[in-house]
Amino acid sequence: NKANMYNSTCLYFACKNGNEEILKLILKKKEIDINFQTLDGLTGLIISCQNGKENIVQLLLNEPLINVN
(Lines give C-alpha, C1' and ligand atoms only; values in the text may rest on other atoms or scores of the structure.)
Protein backbone atom coordinates (compact mmCIF):
# COMPACT_ATOMS: atom_id res chain seq x y z
CA ASN A 1 0.00 0.00 0.00
CA LYS A 2 3.01 2.31 -0.27
CA ALA A 3 1.76 5.30 -2.27
CA ASN A 4 3.38 8.16 -4.16
CA MET A 5 2.51 11.85 -3.68
CA TYR A 6 -0.78 11.34 -5.55
CA ASN A 7 -1.68 8.38 -3.33
CA SER A 8 -1.21 5.99 -6.26
CA THR A 9 0.08 2.51 -5.45
CA CYS A 10 1.68 -0.31 -7.42
CA LEU A 11 -1.77 -1.95 -7.52
CA TYR A 12 -3.18 1.20 -9.15
CA PHE A 13 -0.44 1.29 -11.81
CA ALA A 14 -0.76 -2.43 -12.56
CA CYS A 15 -4.50 -1.93 -13.07
CA LYS A 16 -4.08 1.26 -15.11
CA ASN A 17 -1.52 -0.33 -17.43
CA GLY A 18 -3.22 -3.73 -17.67
CA ASN A 19 -0.28 -5.64 -16.24
CA GLU A 20 -1.98 -8.90 -15.31
CA GLU A 21 1.11 -10.77 -14.09
CA ILE A 22 2.14 -7.97 -11.72
CA LEU A 23 -1.42 -7.64 -10.44
CA LYS A 24 -1.57 -11.36 -9.68
CA LEU A 25 1.62 -11.06 -7.62
CA ILE A 26 0.28 -8.01 -5.77
CA LEU A 27 -3.03 -9.71 -4.98
CA LYS A 28 -1.18 -12.57 -3.27
CA LYS A 29 -0.09 -10.17 -0.52
CA LYS A 30 -2.53 -10.26 2.39
CA GLU A 31 -1.71 -6.71 3.49
CA ILE A 32 -2.79 -5.13 0.18
CA ASP A 33 -5.88 -2.93 0.35
CA ILE A 34 -7.58 -3.77 -2.93
CA ASN A 35 -9.93 -0.78 -2.54
CA PHE A 36 -7.20 1.82 -1.84
CA GLN A 37 -8.03 5.18 -3.45
CA THR A 38 -5.89 7.84 -5.09
CA LEU A 39 -6.32 11.48 -4.07
CA ASP A 40 -8.91 11.70 -6.86
CA GLY A 41 -10.87 8.78 -5.37
CA LEU A 42 -9.86 6.30 -8.08
CA THR A 43 -9.38 2.63 -7.26
CA GLY A 44 -7.73 -0.09 -9.30
CA LEU A 45 -11.16 -1.26 -10.38
CA ILE A 46 -12.25 2.19 -11.54
CA ILE A 47 -9.06 2.93 -13.49
CA SER A 48 -9.05 -0.49 -15.16
CA CYS A 49 -12.66 0.03 -16.24
CA GLN A 50 -11.88 3.51 -17.55
CA ASN A 51 -8.93 2.17 -19.54
CA GLY A 52 -10.80 -0.83 -20.96
CA LYS A 53 -8.60 -3.42 -19.22
CA GLU A 54 -11.21 -6.20 -19.18
CA ASN A 55 -8.79 -8.91 -18.01
CA ILE A 56 -7.83 -6.75 -15.01
CA VAL A 57 -11.46 -5.99 -14.21
CA GLN A 58 -12.22 -9.72 -14.15
CA LEU A 59 -9.29 -10.44 -11.84
CA LEU A 60 -10.41 -7.73 -9.44
CA LEU A 61 -14.05 -8.79 -9.49
CA ASN A 62 -12.98 -12.30 -8.49
CA GLU A 63 -11.42 -10.93 -5.31
CA PRO A 64 -13.75 -11.39 -2.29
CA LEU A 65 -12.84 -8.04 -0.70
CA ILE A 66 -13.41 -5.89 -3.80
CA ASN A 67 -15.85 -3.02 -3.28
CA VAL A 68 -17.86 -2.41 -6.44
CA ASN A 69 -19.78 0.55 -5.03
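**Close-up views of a predicted model**

The model is predicted, so local features need pLDDT of at least 70 and side-chain atom pairs count only at pLDDT 80 or more, while totals for chains, interfaces and linings use all residues. Residues are numbered from 1 along each chain as its sequence is written, and side-chain values use heavy atoms, with hydrogens and water left out.

View A. The structure holds two salt bridges, a salt bridge being a side-chain nitrogen of Lys or Arg within 4 Å of a carboxyl oxygen of Asp or Glu. One joins the side chains of Glu 20 and Lys 24, with 3.4 Å from N to O. Lys 24 also forms a salt bridge with Glu 21, where the closest N and O atoms are 4.0 Å apart.

**View B. Positions along the helix.** Glu 20 and Lys 24 lie four residues apart in helix H2 (residues 20–27), about one turn of the helix. Glu 21 and Lys 24 are three residues apart in helix H2, again about one turn. Helices (H or I, at least four residues) and strands (E, at least two) are DSSP runs, numbered from the N terminus. Glu 20 is partly exposed, with a relative accessible area of 25%, and Lys 24 is partly exposed at 33%.

View C. For Cys 10, the nearest cysteine sulfur is that of Cys 15, 9.6 Å away. For Cys 49, the nearest cysteine sulfur is likewise that of Cys 15, at 9.6 Å. Cys 10 is partly exposed, with a relative accessible area of 44%; Cys 49 is partly exposed at 47%.

**View D. The largest pocket.** About 150 Å³ of space lies in the largest pocket. A pocket is an open set of points on a 1 Å grid over the protein atoms alone, where a 1.4 Å probe fits, with protein on both sides within 12 Å along at least five of seven lines; lining residues have an atom within 4 Å of a point. The lining includes Leu 27, Lys 29, Asp 33, Asn 35 and Pro 64. By class, the lining residues divide into five nonpolar, one polar and four charged.

How values were computed
Points joined across faces, edges and corners; volume = space filled by probe spheres on them. Nonpolar A, V, L, I, M, F, W, Y, C, P; charged D, E, K, R; others polar. Buried < 20%, exposed > 50% of the residue type's maximum accessible area, 1.4 Å probe, protein only. Disulfide = S-S within 2.5 Å.
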